[in-house]
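These are my notebook entries on one model, kept in the order in which I looked things up.

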Amino acid sequence: MIRPLGGLHVLTDAAGGPRALAAVAAAVSAGAPVVQVRAKDCTDRVLHEFAGHVVDICAPAGVTCLVNDRVDVALAVGAHGTHLGATDLPVAAVRRVAGPDHLIGGTARDPDTARRLVTEGADYLGVGPAWPTTTKTGLPDALGPAGIAAVAAAVDVPVIAIGGVTADRVAALLAAGAAGVAVVGAVTGAPDPAAATRELLRALAGAP
């Protein structure tokens, strides 16, 4: 049975090393329900080791662990799922490799892509950037709440908004139809990742 998908996804980068792991531990202790591991500039061995540590942090707390792009690493470390970008393996191919209980996310910016990914078997969609962000380079223009709403209205799986997300912007994204939000710098780059996590969780719980 595929795990339920929490409303707050904390993204962390394997290149961050021990400092990133400390931020993950703080976010998990504060109640973050989902942690996603990604890798910008590191070797496969470093990614595997880092992801394994994240799984070890998440498991005792019952937190869902995802790996960005790399289904092989996700399976190797016992993560619960894989999030796929536009240039990664197709959703259907990852499903064949990982099996029916593996949580698979797809990346969409428009309703047509969203519907196609769901037809292929995506369990949820990451949609963004919702607002401009400096966390990742080369991104297209921000969608805004209206763009998030267009995708959310087209599919019946959870839509997770990403890009420039802050606690103050959560209510607008949920009103647009997002089921949750994904953050990078808002937690892992915060002076107090636990406090930042709690603030985002309060915003998610308190939105109409």
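Predicted model: local features only at pLDDT ≥ 70, side-chain atom pairs only at ≥ 80, totals over all residues.

**Entry 1, terms and source.** I call a residue buried when its relative accessible area is under 20%, exposed when it is over 50%, and partly exposed in between, with a 1.4 Å probe and protein chains only. Helices (H or I, at least four residues) and strands (E, at least two) are DSSP runs, and I number them from the N terminus. Residues are numbered from 1 along each chain as its sequence is written, and side-chain values use heavy atoms, with hydrogens and water left out.

I asked which residues of H5 are buried. They are Thr113, Ala114 and Leu117. Seen down the axis of H5, these buried residues fall within an arc of 100 degrees (taken over the directions from the helix axis to the C-beta atoms), so they line one face of the helix. Asp112 and Thr119, on the other side of H5, are exposed. I then looked up what the buried residues of H5 pack against, taking contact to mean heavy atoms within 4.5 Å, and noted helix H4 (91-98), strand E5 (103-108), E6 and H6.

Two packed helices are described by the angle between their axes and the distance between the axes. For axes I use lines fitted to C-alpha atoms, for helices over the stretch in contact, with angles from 0 to 180 degrees between N-to-C directions. On that basis H5 (residues 111-120) and H6 (residues 144-154) pack at about 35 degrees, and their axes are 8 Å apart. I noted the crossing as right-handed, the term for a near helix turned clockwise from the far one by less than a right angle, anticlockwise being left-handed. Pro111, Ala114 and Arg115 on the H5 side meet Ala150, Val151 and Ala154 on the H6 side. The residues of this contact divide into 5 nonpolar, no polar and 1 charged, where Ala, Val, Leu, Ile, Met, Phe, Trp, Tyr, Cys and Pro count as nonpolar, Asp, Glu, Lys and Arg as charged, and the others, Gly among them, as polar.

Val91, Ala93, Val94, Arg95 and Ala98 are the buried residues of H4, and they pack against helix H3 (71-77), E5 and H5. After H4 comes Gly99, with a positive phi near 95 degrees.

I count two strands as paired if DSSP finds at least two bridges between them. Which order do the strands of the closed barrel follow? The 8 strands run E1-E2-E3-E4-E5-E6-E7-E8 with parallel pairing, and the twist averages 25 degrees from one strand to the next. E5 and E6 pair in the parallel sense over 4 bridges, with Ala108 opposite Val127 in E6. Strand E6 (residues 124-127) is joined to strand E7 (residues 159-162) by 3 bridges, also in parallel, and Leu125 stands opposite Val159 in E7. H6 lies across E6 and E7 and runs at about 165 degrees to E7. Helix H9 (residues 193-206) packs on the sheet as well, touching strand E1 (8-13) and strand E8 (180-183), and its direction makes about 150 degrees with that of E1.

Gly105 lies in strand E5 and is buried, with a relative accessible area of 0%. Leaving aside neighbours within four places in sequence, Gly105 is in contact with Thr82, His83, Leu84 and Tyr124. Val165, in the loop between E7 and helix H7 (170-175), counts as buried at 7% relative accessibility. With the same exclusion of sequence neighbours, Val165 is in contact with Val170, Leu173, Val181, Ala182, Val183 and Ala186.

Gly128 and Pro129 are joined by a cis peptide bond with omega of about 0 degrees, and Pro129 is in the loop between E6 and H6. Asp69, in the loop between E3 and H3, has a positive phi of about 75 degrees although it is not a glycine.
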